[in-house]
Amino acid sequence: MDELKRIILPSVQGKIYTFLRKAIHHWPLDSSFRLILEAWLSFIQPWRYFSGITYTKEGKLEEEERGKIHDVYRWMPFIAHNLLAYTAIFQQLLPRFMRTDLVAPKNALMLFRLTKVFSQQHLAKIICEIESHIDDVGLSRSRVSTNQWTSTVRQQILELEGPTYQYIPMFSVATVSQVVCLLSTIKQAHLTATSLIDALEKKRKNRRFFIAVWEFFNGEDYSSDDISIEERRRVPIYLSNAQQQLIEIFEIKVEDIPQVAIEADQEYHDSILSTSFCHQSQMDSSLDTSKPGVFVPIQKDRQTCQYIEYMGDPEIQPVRSNECAFLVRNLYRLCTYINYRHKISLLYHRRGFIGSLCRQILQPPTKVVKLPKRTQNGFSSGYEERIPPRLSLRPLANYSLLVTISLGVFIGWLTNYGVFTFFKFAFWIWIIYILICATLEPWRSNRNTFRASTTLSMN
């Protein structure tokens with residue numbers, strides 16, 4: 001097996017480097033880049049898969065020793081034979097992360113993973129020592145007089161990049177200047193992420209209590225783009241650790257970093273908050289059945305959310321996320337049968353107390369818009385249709401009402417009153433409420449008529 005490794009590994013390592021180099025160059029700037037990043041980090045850390053790790057007396061792995069370089073001289077040949085996989089790809093990633101949205105949790109995590117690997121003990125010193133053996137390379141760190149790795153590195157560069165390739169040392173002035181620019185980008189992203197978390201926390205405290213309870217039971221915590229606030233809170237931690245690790249890797253002094261006034265990206269901040277408002281408004285309209293429409297994300301100028309209203313028959317609109325589909329369909333069939341068999345319209349327009357009582361139970365007449373439809377002769381013209389008064393039991397399919405009923409049944413069972421007693425109590429409360437509303441209807445209608453006449457006289 002050792003002989004097979006000595007034959008196969010040298011020929012495979014160069015192909016892996018070429019594949020990673022081209023994949024990174026062509027990969028889009030999204031969170032899926034973590035796939036290729038983790039593949040690269042696994043390739044440049046062979047010591048993580050070395051079995052010679054000590055165990056404690058209890059037989060558990062020492063977590064603090066996992067994935068560290070313990071024997072520098074054991075792994076120096078591997079790093080020397082794959083130096084470009086460490087330095088060239090690292091330099092290739094610097095401008096990429098400067099163009100990446102580091103406020104996004106997945107991107108911030110990728111940057112942290114990168115800096116964490118290169119900040120581990122001995123790795124930067126090994127790379128610096130190998131680079132110091134290359135001729136005509138001016139480094140700011142100490143040189144080593146021997147030429148142990150000169151031929152190895154030169155042959156690797158010639159085979160993988162060609163004779164015209166100009167190798168740039170990892171710790172050169174050009175690379176350090178790029179790192180300083182990345183530090184400025186990280187600082188701005190850190191400020192934007194912090195201000196965004198503060199704004200989302202403030203909006204979270206101002207939400208209605210029922211929505212907070214809904215999110216607690218459903219495990220949903222909206223902030224923006226389906227990213228939870230808990231994930232947002234990790235972003236400043238990732239960015240601050242990545243910033244500190246970069247400073248330690250390249251031994252950058254704080255006074256060497258240009259003291260430029262960096263502020264949070266307000267435009268990005270506002271766009272995330274507007275998207276968050278869209279998600280929250282969508283949830284509010286979902287919980288409130290009196291709102292016939294929903295908020296839909298769009299991309300038009302600076303607007304990211306638009307209210308779309310359902311203009312058809314409210315009884316046959318699509319099942320909402322807060323409704324039980326089985327109950328919606330079966331209650332609609334029951335109401336259709338009752339509305340067809342009984343003279344609901346006559347009861348609704350009846351005078352007297354009976355009519356007032358029916359108007360509290362039944363849905364009022366509604367105008368719906370029939371949109372133009374495509375036919376063989378073109379589009380048909382749109383028109384309005386008047387739906388007569390009707391019985392609607394669709395609110396009974398709302399999950400919030402079902403949860404309330406279930407809670408009441410549980411309390412009735414817990415207090416030994418019984419389930420039947422709870423339903424009888426709830427029914428009488430509903431009857432009393434309907435009777436009070438029916439009794440007050442003539443007074444409210446007279447008051448509205450007086451207000452309307454007063455307004456017309458003033459005009």
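Ser356 lies in helix α14, which covers residues 352-361. The model in which this position is seen is a predicted one. With a relative accessibility of 5%, Ser356 counts as buried, since the cut-off for that class is under 20% relative accessible area. Leaving aside residues up to four places away in sequence, Ser356 touches Ala438 and Glu441.

The setting for this position is the whole protein chain, whose secondary structure comes to 16 helices and 6 strands. Of the 459 residues of the protein chain, 37% count as buried. Among the contacts in the protein chain with a separation of 6 or more, 70% are accounted for by residues 24 or more positions apart.

The packing of helices can be followed from the start of the chain. Two packed helices are described by the angle between their axes together with the distance between those axes. Helix α1, residues 2-26, packs against helix α2, residues 34-43, at an angle of about 150°, and their axes are 11 Å apart. That angle makes α1 roughly antiparallel to α2, because angles over 145 degrees are placed in that class. The crossing in which α1 passes α2 is left-handed. On the side of α1 the contact is made by Gln13, Ile16, Phe19, Leu20, Ala23 and Ile24, and on the side of α2 by Ile36, Trp40 and Phe43. Sorted by class, the residues in this contact of α1 with α2 are 8 nonpolar and 1 polar, with no charged residues.

The buried residues of α2 include Ile36, Trp40 and Phe43, each of which also takes part in the contact with α1. Leu37, Glu38 and Leu41 of α2 are buried as well. The cover over the buried residues of α2 includes α1, α3 (72-81), α4 (83-99) and α5, and two of these helices, α4 and α5, can be considered next as a pair.

Helix α5 spans residues 105-118, and its 14 residues reach 20 Å from the first C-alpha to the last, close to the 20 Å expected at 1.5 Å a residue. How much of α5 is covered? The helix is mostly covered, with 12 of its 14 residues buried. Among the buried residues of α5 are Asn107, Met110, Leu111, Leu114 and Phe118, and the list also includes Arg113 and Thr115.

The axes of α4 and α5 come within 12 Å and cross at roughly 150°. It follows from this angle that α4 is roughly antiparallel to α5. α4 passes α5 in a left-handed crossing. Tyr86, Phe90, Leu93 and Phe97 of α4 make the contact with Asn107, Met110, Leu111, Leu114 and Phe118 of α5. By class, the residues of the contact of α4 with α5 divide into 8 nonpolar and 1 polar, with no charged residues.

The phi of His122 is near 80°, which is a positive value in a residue other than glycine. His122 counts as partly exposed, at 27% relative accessibility. In helix α6 one finds Ser132, which is buried with a relative accessible area of 6%. Ser132 and Thr150 are 18 residues apart in sequence, and their C-alpha atoms are 9.0 Å apart in space.

Another positive phi, of about 50°, belongs to Glu251, which is not a glycine. Glu251 is in the loop between α10 (229-249) and α11 (266-287). At 58% relative accessibility, Glu251 counts as exposed, because that class begins over 50%.

Is Glu384, at 57% relative accessibility, buried or exposed? Glu384, which is placed in strand β6 (residues 383-387), counts as exposed at that value. Glu384 and Lys370 are 14 residues apart in sequence, while in space they are 5.9 Å apart, C-alpha to C-alpha.

Notes. Residues numbered from 1 in each chain as written. Predicted model: local features only at pLDDT ≥ 70, side-chain atom pairs only at ≥ 80, totals over all residues. Heavy atoms only, no water. Helix = DSSP H or I, 4+ residues; strand = E, 2+ residues; numbered from the N terminus. Expected span 1.5 Å × (residues − 1). Buried < 20%, exposed > 50% of the residue type's maximum accessible area, 1.4 Å probe, protein only. Axes fitted to C-alpha atoms, helices over the stretch in contact; angles between N-to-C directions. Parallel < 35°, antiparallel > 145°, perpendicular 65-115°, else oblique. Left-handed = near helix turned anticlockwise from the far one by under 90°. Contact = heavy atoms within 4.5 Å. Nonpolar A, V, L, I, M, F, W, Y, C, P; charged D, E, K, R; others polar.
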